[in-house]
Amino acid sequence: MARRDVPTCRLDEPIHEVRTRVQAAGWDSCVVVGPERVVLGLLRREELGRGSGEPVERVMRPGPSTYRPNVPIEELATIMVDKDVASSPITTSDGRLMGLLLREDAVRAAAASRASAG
């Protein structure tokens, strides 16, 4: 369910280079990862629009909420809607990025799950 093709970047990359790469890929967010793809932060549209030569580390949202793949999609969809979260990183128990779950994907999957259960 989580999109595995989400752009990633490193702490030391200049924000303007990341912005160009993310936009070219058709995304409006980027997951900041460290060694072994451990999630360190998140860049959403607002952060991607800031600065030019600053490193990602200066403009990112540090320590984003992440979820494990075993959390039921209905629960994730509810959390994302209630908290007005556009996307959430899905990680392994040791914090390694598996993908990015978009709210619209979660809501659609939750509705399909409820329809098939009922």
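R61 is partly exposed, with a relative accessible area of 33% (buried is under 20%, exposed over 50%, partly exposed in between; 1.4 Å probe, protein chains only). Its salt-bridge partner E47 lies 2.6 Å away, N to O. The pair links distant parts of the chain, 14 residues apart: E47 in helix α2 (residues 45-48) and R61 in strand β4. E47 is buried at 4%.

This is a predicted model: local features need pLDDT of at least 70, side-chain atom pairs count only at pLDDT 80 or more, and totals for chains, interfaces and linings use all residues. Residues are numbered from 1 along each chain as its sequence is written, and side-chain values use heavy atoms, leaving out hydrogens and water.

**Salt bridges**
- The whole structure holds eleven salt bridges (a side-chain nitrogen of Lys or Arg within 4 Å of a carboxyl oxygen of Asp or Glu).
- E13 and R21 form one, with the closest N and O atoms 2.9 Å apart.
- E13 is buried at 8%, whereas R21 is partly exposed at 35%.

**Strands** (DSSP E runs of at least two residues; helices are H or I runs of at least four; both numbered from the N terminus)
- An open sheet of four strands runs β1-β2-β3-β4 with mixed pairing (strands pair if DSSP finds at least two bridges between them).
- Its edge strands are β1 (8-9) and β4 (61-62), each pairing on one side only.
- β3 (residues 39-43) pairs antiparallel with β4 over two bridges; G41 is partnered by P62.
- Five bridges join antiparallel β5 (residues 87-91) and β6.
- Five of the six residues of β6 (residues 97-102) are buried, so the strand is largely enclosed by the rest of the structure.
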